[in-house]
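Good morning, and thank you for joining this meeting.

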Amino acid sequence: MLAFTIRRLLQAIGVMLVVALISFTLFRYVGDPVNQMVGLDTSLEQREALREQLGLNDPVLVQFARFVTRAAQLDFGTSYQFRQPVVDLIGRRLPATLELSLVSALLALLCGIPMGVYTGLNRDSLLSKLFLSISLLGISLPTFFIGILLIFLFSVTLQWLPSFGRGEVVDFGWWSTGLLTVSGLKALILPSITLGLFQMTLIMRLVRSEMLEVIRTDYIKFARARGLSQRSIHFRHALKNTLVPVITITGLQLGSIIAFAIITETVFQWPGMGLLFLQSVQNVDIPVMAAYLMLIAFLFVVINLIVDLLYFVVDPRLRVERASH
Amino acid sequence: MSPISDDLAMERRGLAFRLRQSDMLHSFLRSKIAMLSALITLAAIIGATFAPWLAPHDPFDLASLSILDSQLPPLGMEGADPRYLLGTDDQGRDVFSGILYGARISLAVGFVSVLLAAVVGVLLGLVAGYVGGRTDAIIMRIAEVQLTFPAILIALLIDGVARAVFGNLDRERYAFWILVLSIALSFWVQFARTVRGSTLVERNKEYVQAARLIGIPPFLIMIRHVLPNVIGPVLVIATISLGLAIITEATLSFLGVGIPPTQPSLGTLVRIGNDFLFSGEWWIAMFPGFALAILVLAVNLLGDWLRDALNPKLR
Amino acid sequence: MTQIPLLSVKNLRVEFPTRHGVLTAIDGISFSLREGEVLGVVGESGAGKSLTGAAVIGLLEPPGRIAGGEIRLKGERIDTLSPAALRRVRGKRIGMVFQDPLTSLNPLFTIGDQIIETIMTHLPVSEVEARKRAIALLEEVGIPAAAQRLSAYPHQFSGGMRQRVVIALALCAEPELVIADEPTTALDVSVQAQIIHLLQRICRDHRTAVMLITHDMGVIAETADRVAVMYSGRIAEIGPVRHVIAKPRHPYTVGLMGAIPTLSGDQQRLTQIPGAMPRLDAIPDGCAFNPRCARAFDRCRQERPNLMPAGEGEAACWLVDPAEGTTGEGETA
Amino acid sequence: MSAPQPQPVVEVRGLGRTFDVSRPWLNRVLERQPKAFLKAAQDITFAIDKGETFALVGESGSGKSTVAKLVVGLLEASAGEVRIDGIDMRRQTPSSAAMRDLRRRIQMIFQDPYASLNPRWRVDRIIAEPIRAFGLEHSRQAIAARVGELLELVRLHPRDGQKYPHEFSGGQRQRICIARALASRPEFLVCDEPTSALDVSVQAQILNLMRDLQDEFGLTYLFISHDLAVVRHMARRIGVMYLGRLVEIAASGDLFARPQHPYTRMLMEAIPDLTMSGRPRRAVEGEIPNPISPPSGCTFHPRCPLANDRCRREMPRLGRANAGSSTVACHAVEEGRADAGP
Amino acid sequence: MRIIGQLVLAGTIASAACTTASAETLKYAFQGTLNQLDPYTLNETFTLGSHGNVYEGLTRRAPDLTIEPALAEQWEIIEPNRWRFYLRKGVKFHNGNDFNADDVVFSAARVRSEGSDLTSRIDPDVKVEKVDDYTVDFILPSPNPILHYSWDTWFIMDKEWTEANNAVKVTSASDTTPNYASLHANGTGPFTVVSHEAGVRTVYARYDDWWDTAIHNLDTVEFTPIASDATRIAALLSGDLDMVYPVPVQDIKRVESNEATRALTGPELRTVFLGFDQRRDELLHSTVKGKNPFKDVRVRKAFYQALNLDAIRDKIMRGLSTPSALMISPFLFSRAGEFERLPYDPKAAKALLVEAGYPDGFGVSLDCPNDRYVNDEAICQAVAAFLARIGIKVDLNAQPKAQYFAKVLASGGYDTSFYLLGWTPASFDSSNVLADLHGCRDDKGTGGPFNLGGYCNPEVDALTARIFAENDPEARDQLIVDAYRLTLDDVAYIPLHQQGLAWGVSNRVELRQRADNQFHFRWVVKK
């Protein structure tokens, strides 16, 4: 397992270097950051001087090498638009995005798995069909539209929930949390539903199809033949066997939840990294974009690693020891 | 193997067979939902394909638009113009025609990107699965890197690049390809992984060994023997990806990366209409949104049914 | 003997509704088992032997259903029991062993978990007692160091050991009947023999009756007291093993016996039955075997024969009908 | 032997195949494990005369399928040579004409008739593939005629060529496989468990067909099976394999009448006795060990009632046994300790 | 505020961002972000407007934009080239430091230093002299009647504070450590910055020692950027916010009809117009090859007359625009009323095209921002539709401002053939319009840097030079009129309209709206 972990970490570094290189090559074309940094009537000479100062005129590989060396020391430079160290900026936005993503993922799991189990076991029941239909709606409308409709309903019309922002946050060192205040929790509801709906659908459908397969396996048949109770068969024997693919997909999805948060954060003006990234793209804030992409890649890699380690927990067949006789 | 499958299911492989088997048709005819979704999908495809002949107006023809006709409500509401069944948008475009033309673009983006993703994914998956070893490892590492870039990020980056590279060209033309490329780029991995998985199984099957035995070159074996036998799940993924691609396109349009509003897709129509949601012109967003939801829902249901119908374990 | 048989199956019909109409997979079979008796059920794939086992233990997969007849365990009807009541019969009074030990055990739970759970489902014992019993069971089926192996996962066992665990699981609650569905087919020849002997020994020790379903005449010959030969959803011939093997009455049994290569190696050609078993949706009129039967005559093509006494057993063949005046005695080719 | 021996068609000498089943490098370093190898086949030597059937028998994991694949060239051998008519297959460049001709002359019949036919192809296309690949016929009519001929040869109707594999039963499929194998007019057929997936009555049909074809075309068979009775029925000579090695080779009659190697004897005893002759049975012990870490010396020693220290230390080599045509790899036989039993 | 659990209590005390909700908190949102607090880093309306609540200049502007004394009590032109400013006494910076002439001299140097984006506020050749602690002289190289026009956004910083915090150098993007001044503020204005989280939230508090009498009754102001139009409006409608701007024109009705809110609208100073490439011999993006149709005034006029600005106003701008005859807002030029737009006349336009030799029209691409001006993209679409009717096929290239400006400005090599742009003269004066938009330029933009199409009329340039030097207002206005006449005859541009301002305001709040779209808290009264 140690070897496995080390290997994954090495791979992870490789992946992140590739991500960094790709991002860097692309950034050249995203636009001219200098334009965004100065007002309209700044002269060409001043612009050129600034560009030189920023090192934007160096070859990509030189810029890349510089970036990697600094990034290794957790220095991602200074944001062009905010004139602040990128690490600080992202650090302040990270809690918002992580809280939103985790709550959404939790929501997706807590609703998705039971619904998936239910629909898998009761293929033809009316409730199953209802669940399936609702879940399909979740992937049939674009996220932003769902968000806007939720705002329209719950904020503007009913005025139950806030339409934007995180509400009041409580700081613990650099971490700020909205989970401890009423307004923070209220503010979390609409965005996390918006963000989680899609994942919930995915998980539910995945669990359902896995369930359908697992309950047809020999060991489930054998469990039935031994007269075990329905509950034990479904929730102990069957569910555990559906977990491996569910873990995989959930892991992959968690990565994309963080990416999808771009949309949700935009709609709800959620002060997270996604919003920051979008602003950076619009303003050609290369240091922030680079750091964000690296962070996404890093989170993805970490999640993948956790997923792989979870396999070991769930599936004894993967544990290192060999079959003995 | 269940006892009954000994008796009844003579064979559980081969899409061609299963499609030809009237089982498929039967399960199709029996499932009202599948029928209905197929009907809707078909209607959408026909409506989209023949939009120029079906639509009462040409929303892309700027010369025929009159800004004076903008924001007319749909029929049945006060101030409606009988020429515009579902009202008009802020540019005076007929919403109904816009939906037909928009569906055309949405479907085109969906089909082309999924096709591209499928071709790339299937080929890479085949090669990875069949050749194995280092080739396999490299392809799968690429797939892993790809996975860390969700479609949204890819589209934002590619769009930026394209704007810089083709900036002076006609955006209407390349916006389509940007979308197609970004969506295809993030979708191919799933095809590749699935095909690789099935290929790993198929390549050890004896019919492949029989072909190797008579000296058929690997490439031909992959194309002639393996490919037709791994294409079943591809079809399912393709259907589900189609719905996802249409939605992704719509989402990207929200970020301003989508199809330009002069030739709007369904998603772009929703995005435009979004701005009028609070001002009372709900029809500009809701009708295209409804159309989009119905279309994607139909495609997804079709995919669902296809998956269940093609999954021998569920029969 | 007027004693109530342990298991009695009468006129059992199993049907599968399909869009082509209802397929009859098992068509009115009757047989019974006495306590401690081993009944072999033999037949080629598609004959309905596995379905018979599944029907008895109430595990027919939908849409399959019992459409007629009755199944009695010690005189009590079990085919009409509620699912909950049936669950109390399964595992407790009827145990089951499946073909493939690789897939029969849940890979994510230790065998201890699985055995103890099964014991505690059926017997009113504490977990400690259940554990003791589990160890005893594993020892009985010949697993060395049973106490330590309780915490092992199925993949840590070899195929033969796994099948022993499966047998232990089937015997957890001292059932009166064990249905063994191809228990040795997935195993190597040398292990096959071990498992057969184990099954034989344990059932003899516990006086457990066994319904041994297999396609292998050799296994039956070694193990069973009586044998039922199935063909196309019906019992073609049933009788004491020795009798059926030595003097088969039904032409199908005759063919089957002749098709098996012998170790003596004196056959130049094997007897071959032409054609293949009919599909369920195309069962010919009359005797289902008539198109493949060299001795078929008009009646075979029109009228379906039921089991009738033939020698020490019974056969469903017009050739043994005294009215036809033939002896029906075949000879092993 | 005094009689002039016919020239063997197939000669296999010292054939072996080792698979690297090591864990990844990093694991080995961290867990201090050596590289692990699976010797799937080792030092296999036999020869088959023209028109003869030679059988390999053994339990799963004994390496008999590996040998089959090595002989036809589906697997690359790690050691040894395979000669067909004296031509070493491994010396040929893969695309050479000589190799092509060798390929044409060797064909194979596989175990699973469900997996060995491409389900997406019509039967006639399947059977025609080797004809096209070797350029045996060129016009479409000639190919169609040849396919029809082959189908009739395996007792199917030429019209069946229009169907897809799924429309056939297992036995019929195996006939199609045989037809495909015969399409290139081979002289040597490797049959890897050709009937183990079939029912007894169908097995009889296929075995009879194979014998008929052998008589008709003078085919040479390498017949691989785990079923001693089938092997007895089909083969003139039999090789018994255990853990990747040949432990005994003997003429069929001799093997069954006087099995020499303790493993062969054990196998014989494990066969259920259909004739119910009441022959005494000795309990078979143990299971096949893990082939990655096989026992020392004679790999059978942990299960062998005759094993002694030498067996645990020293690997026996195939040698002529004192009786009949057998060659046996067993110290006990060599030392004459085996004759005490059974 | 309700609190869950004890942990939170501890956290809350530690949290500076938590403020007690009271009637005197103003919460507002704008579509853009406030990126940093250094008042010289970005020359952009919203940023400057925000800083205007914290910092003050020597002058300031009233709600009607007239110039008022601020940190300077009065000023006079003692010689044509020497202006004297008398500073207000007793003004204290937020940190308690006194405001004096040293601060003015320091700020004049800093605003012109490297890295400043507001160097144009004071010409580099201008010398600043401290006369005494509360008097400062500005010595000009040549007379300039509008020297102080844009000084309401040249904010005075505290010399001691800036130096003490090592922030004399204006924050540059290439600095790896952030400038203190870009994260903290120390002005003399009516509000102090309590916390600033760029792109997320900025919190202001009342400054009790402000020199002026406060009209407002606010204790706290909370700013949140909300980019999404729908979300911003929803936040106002749901009562989460007291004020949002801009309100998309289509939502004005909705904001008005809502009981608790109203929309404040008015004309803005910015003029939106279309420009042509008249410099190149062949257009970069057109179907016409070998010549440049826009060099022909008839073509430009045809384009002009093909556009129905009233329709654009009614339908796209919802009545919230003023079609403009000039390239400057009538607010900024008193004689603007003398000019009229050319009539909308598609027939005449078509005829002009035929006359110019394009009976079948031609194709050209139109560069257009899509996130810069009110309904910019919709306007461009409408323009395309109108032009389509006279046979001009327009390829619309609408992009976010980042890419748009990168393409069409000097830095992108003026890569455009036909474009839409908006312009507010920084000096609020026509001279800027004439110089920057109409001055003949070379390829690098020297001359008329924002004359993207390269319009060139030496007569206009000559007039512009005279306007800069003319100190007599009446004569100056006449020169401006003459210059405008020339450019209009040339159809140098197609002025479209002055777009409207639209602020959404809760009925709990009274405030003043300024035509330059700056939002000043000092006039806000919360009920």
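Is C:Glu182 buried or exposed? C:Glu182 is buried, with a relative accessible area of 8%, where buried means under 20% relative accessible area, exposed over 50% and partly exposed in between, using a 1.4 Å probe and protein chains only.

Residues are numbered from 1 along each chain as its sequence is written, chains are lettered from A and ligands numbered from 1 in the order in which they are written, and side-chain values use heavy atoms, with hydrogens and water left out.

To return to C:Glu182, this residue has a positive phi of about 50° although it is not a glycine. C:Glu182 sits in the loop between strand 7 (177–181) and helix 8 (189–206) of chain C; helices (H or I, at least four residues) and strands (E, at least two) are DSSP runs, numbered from the N terminus.

A positive phi, near 55°, is also found at E:Asn375, again a residue other than glycine. E:Asn375 belongs to the loop between strand 14 (363–369) and helix 11 (376–388) of chain E. With 21% relative accessibility, E:Asn375 counts as partly exposed.

Chain E also holds a cis peptide bond, from E:Tyr245 to E:Pro246, with omega near -10°. E:Pro246 is in the loop between strand 11 (243–245) and helix 7 (252–257) of chain E.

Let us now consider helix 11 of chain C. Of its 9 residues (251–259), 9 are buried, so this helix is largely enclosed by the rest of the structure. Its buried residues pack against helix 9 (217–223), strand 9 (226–231), strand 10 (234–240) and helix 10 (241–246) of chain C, together with helix 7 (200–217) of chain D.

Turning to the chains, 8 pairs are in contact, and chains A and E share the most contacts, a contact being heavy atoms within 4.5 Å. Chains C and E do not touch, and their nearest C-alpha atoms are 41 Å apart. Chains D and E have no contact either, with their closest C-alpha atoms 40 Å apart.

Finally, I turn to confidence, given as pLDDT, the predictor's confidence in each residue, from 0 to 100. Chain B has a mean pLDDT of 76, and 80% of its residues reach 70 or more. Over residues 1–22 of chain B, pLDDT stays under 50. Where pLDDT is low, the predicted coordinates should not be read in detail.
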